[in-house]
Amino acid sequence: GVNLDKLMAKTGLVTLDPGFVNTAACESDITYIDGEAGILRYRGYPIEELASNSNFVEVSYLLIYGELPTKEQYEDFADRVRRHTLLHEDLRKFFDGFPRDAHPMPVLSSAVSALSTFYQDSLNPFDQQQVELSTHRLLAKLPTIAAYAYKKSVGQPFLYPDNSLGLVENFLRMTFGFPAEPYEVDPTMARALDMLFILHADHEQNCSTSTVRMVGSSEANLFASTSAGINALFGPLHGGANSAVLEMLEGIRAEGGDVDSFVERVKNKEPGVKLMGFGHRVYKNYDPRARIIKKTADEVLEKLGGDDPLLDIALKLEERALSDDYFIERNLYPNVDFYTGLIYKAMGFPTKFFTVLFALGRLPGWIAHWREMMDDPARKISRPRQVYTGYAERPYVPMNER
Ligand code: ACO
């Protein structure tokens, strides 16, 4: 073979691919997507099977270590993740410094970034033992951080984690419980949230995961790289879409529930008007996660008592879009987030908290990719090229002559 890097460097050729639509940045064994067929597998296992048979802690293990755990491996891993849930008391104080109405996503990324200051033993990304410890710490502490971001926003006291509970149960208790009051975890709610986390757990080189890999390629530690990933997820074209869907549905309801006129505005490409929760860079067919979630939404809404008129609007919107040439020609189908907001709302989460739930789900994927990249002998610092379109050389002009 030809060494393409060297050949391109010699000839000065670069490929221009805005948004990396056709450019692979790495090889990966973690997640397989066939966007035409609507297939998603983690480490070879179909998402449908994992969603119905597994749990989020097991799927985290699968993504990070490559295999489903044996019973001993599972218990050991779950125990480690359980034992690291507490936050340093000084980190708890961080939450006091943020304004009460702060958006929880930057609170989350700030607290994760701050983990590097509390665990300075995490700074060497080649120390395998420390990487293991950072993995457990991050998986265990992110739900606590998320729950505190919520408590802060509603002005309620923080709860210490109860390490006799599983990850999702503990998170629900710290979020919705009160100190010195028993909190009964609703099993329907816990199971549904666990499943949603599984569905969000990885999605190969999406924007936030690519960010984690890019930051990590400079050999920044796991906490710094994950914090960057959380910030990438914040945007409305990525994780922020789940909140944006609900705002869109509420907007349609407030204007009398006229789905047709909203779809016309989307088709006329009114600035800022998109059918949120529709379309995907890779899926040009029904997102397999959306299929599973749609089935669950009905069930969960019924059990949690949320007879939500927004569900009707969502169903009408979907039906209307799927039979419209604009959406058919562009292969636009519901993505994972079209129905999640309705479920989160029925669970009692405020709209701006939805993207935090996405981050909790996506965490094992970020960790798995960061670790895969660090172990890859072909790893290089991420450093894209550009096609320069600015001025040719020109002489400096003194200020009084401009
Ligand atoms: N509503 C209306 N039109 C859309 C939508 C949408 N949701 N998505 C894409 N289109 C149109 C575009 O305007 C474009 O039309 P054109 O060819 O006439 O210009 C065409 O479909 C192709 O769209 P692109 O923007 O080129 O597709 P891209 O792959 O770059 O974008 C994205 C993918 C960002 C997900 C886009 O579909 C979108 O903005 N969707 C809404 C936001 C959303 O739901 N994001 C969540 C994504 S999944 C996730 O992160 C979990």
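A: Begin with what a contact is: two residues are in contact if their C-beta atoms, placed from the backbone, lie within 7 Å. Keep in mind that this is a predicted model. Leaving out residues up to four places away in sequence, His280 touches Asp287 and Asn335.

Q: Which residues does UniProt place under "active site"?

A: The unreviewed UniProt entry puts that feature at His280 and Asp337. These positions span 58 residues in sequence, but no two of their C-alpha atoms are more than 10.7 Å apart, so they gather at one spot.

Q: Where does His280 lie, in a loop or in a helix?

A: His280 is in the loop between α13 (259-267) and α14 (288-303).

Q: And where is Asp337 found, and what is Asp337 in contact with?

A: Asp337 belongs to helix α17, residues 337-347. With neighbours within four places in sequence set aside, Asp337 is in contact with Ala241, Asn242, Val245 and Gly277.

Q: How do I tell whether a residue is buried or exposed?

A: Count the other C-beta atoms within 10 Å of its own: 20 or more is buried, 12 or fewer is exposed, and in between is partly exposed. His280 has 20 such atoms and is buried. Asp337 is also buried, with 28 C-beta neighbours inside 10 Å.

Q: Which residues are the closest to the ligand?

A: Ala241, Lys274, Leu275, Gly279 and Arg281 are the closest, out of 19 residues that surround the ligand. The shell divides into 8 nonpolar, 7 polar and 4 charged residues. Ala241, one of the closest to the ligand, is also among the contacts of Asp337.

Q: Which residues have a positive phi although they are not glycine?

A: Phe20 is one of them, with a positive phi of about 50°. Phe20 sits in the loop between α1 and β1 (31-34), and counts as partly exposed with 13 C-beta neighbours inside 10 Å. Ala180 also has a positive phi, of about 60°, without being a glycine. The place of Ala180 is the loop between α8 (167-176) and α9 (187-200). Ala180 is exposed, with 7 other C-beta atoms within 10 Å.

Note on methods. Residues numbered from 1 in each chain as written. Predicted model: local features only at pLDDT ≥ 70, side-chain atom pairs only at ≥ 80, totals over all residues. Near = placed C-beta within 6 Å. Nonpolar A, V, L, I, M, F, W, Y, C, P; charged D, E, K, R; others polar. UniProt positions renumbered as here; feature names shortened; annotations may be inferred. Helix = DSSP H or I, 4+ residues; strand = E, 2+ residues; numbered from the N terminus.
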